[in-house]
Amino acid sequence: MKSMLLGLPLLVAVLAVPALAQPTVDGTIAGDSYGGAVSVQAVETQFGDNASELNAAYCTIENGRLYLALTGNIEGNFNKLEIFIDSRAGGENTLSGSPGNDGSGVMAGFSFDAGFEADYHFIARRGFFDVNRFDLDFSELGTANFSFYGDVFGGTQEGSGVTGTGLNTQPIEVAYDNSNVAGVLGGTGAADQAAALAVQTGLELSVALADLGHTGGDIKVCVFVNNGDHNYASNQFLGPLAPP
């Protein structure tokens, strides 16, 4: 596993966002008109085959909302799926550690590739605490503003639902399907990208463009799997790292 280093450059998936038919946020891309993947995994996972893996990313914009699908798995141990979005001018190329919700302030000093300045941060995680649960955080980087949405699916780690409102003025749609048993294998070698593209299930999100401050142009996204304390990144990034 690759430790998180200050100043680590990250590859960025630049999502060009043509309007297609509106997807159904149900945890699978099957039957949805996302089009081709915008990023495909290039390296096998060291955080557990079919436990924590990112196979591919898909996106579209429809009716004033960004739809993002990340196929693969999130382990049910409260590992974090970190989703950083560059959707407007300005932002943070090096994380300030603010607002620091869910302990994410430990990532202060973490740097992205040149040209990527993150404005918003989603944290997705699932596991058993008081009940089986799936939680989602949404924060505006460099400010004190964030919203925590706990147990989104009502006592289960999989399903579909909507958040309340807070930082986001419109509910966020979220779904997770953990049924994938294929995709990339465990290890550090080059991933089978055909196998990664064959996976159709995982996490889906839909968020209003207005809540991302987006007024035009491409939206850039960086996604990776982190540990429960936000301080030990896996090798599962989209855009992907180079093997090994």
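## Contacts of L81

In this predicted model, L81 is in contact (heavy atoms within 4.5 Å) with L54, L70, I74, F122, I123, A124, L203, V223, F224 and V225, leaving aside its neighbours within four places in sequence. Residues are numbered from 1 along each chain as its sequence is written. Local features need pLDDT of at least 70 and side-chain atom pairs count only at pLDDT 80 or more, while totals for chains, interfaces and linings use all residues; side-chain values use heavy atoms, with hydrogens and water left out.

## Nonpolar cores

A nonpolar core is a set of buried Ala, Val, Leu, Ile, Met, Phe, Trp, Tyr and Cys residues joined through side-chain atoms within 4.5 Å. Buried means under 20% relative accessible area, exposed over 50%, and partly exposed in between, with a 1.4 Å probe and protein chains only. The largest nonpolar core has 34 residues, and L66, L70, L81, I83, F122 and L203 have the most contacts inside it. Two or more residues of this core come from each of β3 (53–62), β4 (65–73), β5 (80–86), β6 (120–128), β7 (132–140), β10 (173–176), β11 (202–208) and β12 (219–226). Strands are DSSP runs (E, at least two residues), numbered from the N terminus.

A second, separate core has 13 residues, including F112, F116, C222 and F237.

## Aromatic pairs

The whole structure holds 11 aromatic pairs. Rings of Phe, Tyr and Trp (its six-membered ring) pair if their centres lie within 6.5 Å; planes under 30 degrees apart count as stacked, over 60 as edge-to-face and the rest as tilted. One of the pairs is F84 with F224, which is stacked, at 6.2 Å centre to centre and 20° between the planes. F84 lies in strand β5 and F224 in strand β12, so this pair ties together parts that are 140 residues apart in sequence.

F110 and F224 also form a stacked pair, at 5.5 Å centre to centre with 15° between the planes. Here F110 is in the loop between β5 and β6, and the link to F224 in strand β12 joins parts of the chain 114 residues apart. F110 is buried, with a relative accessible area of 1%, and F224 is buried at 0%. F84 is buried as well. One aromatic cluster is formed by F84, F110, F112, F116, F224 and F237.

## An exposed glycine

G36 is placed in the loop between β1 (13–15) and β2 (39–40). G36 counts as exposed because its relative accessibility is 56%. From C-alpha to C-alpha, G36 and A21 are 14 Å apart in space, and they are 15 residues apart in sequence.

Key:
Helix = DSSP H or I, 4+ residues; strand = E, 2+ residues; numbered from the N terminus.
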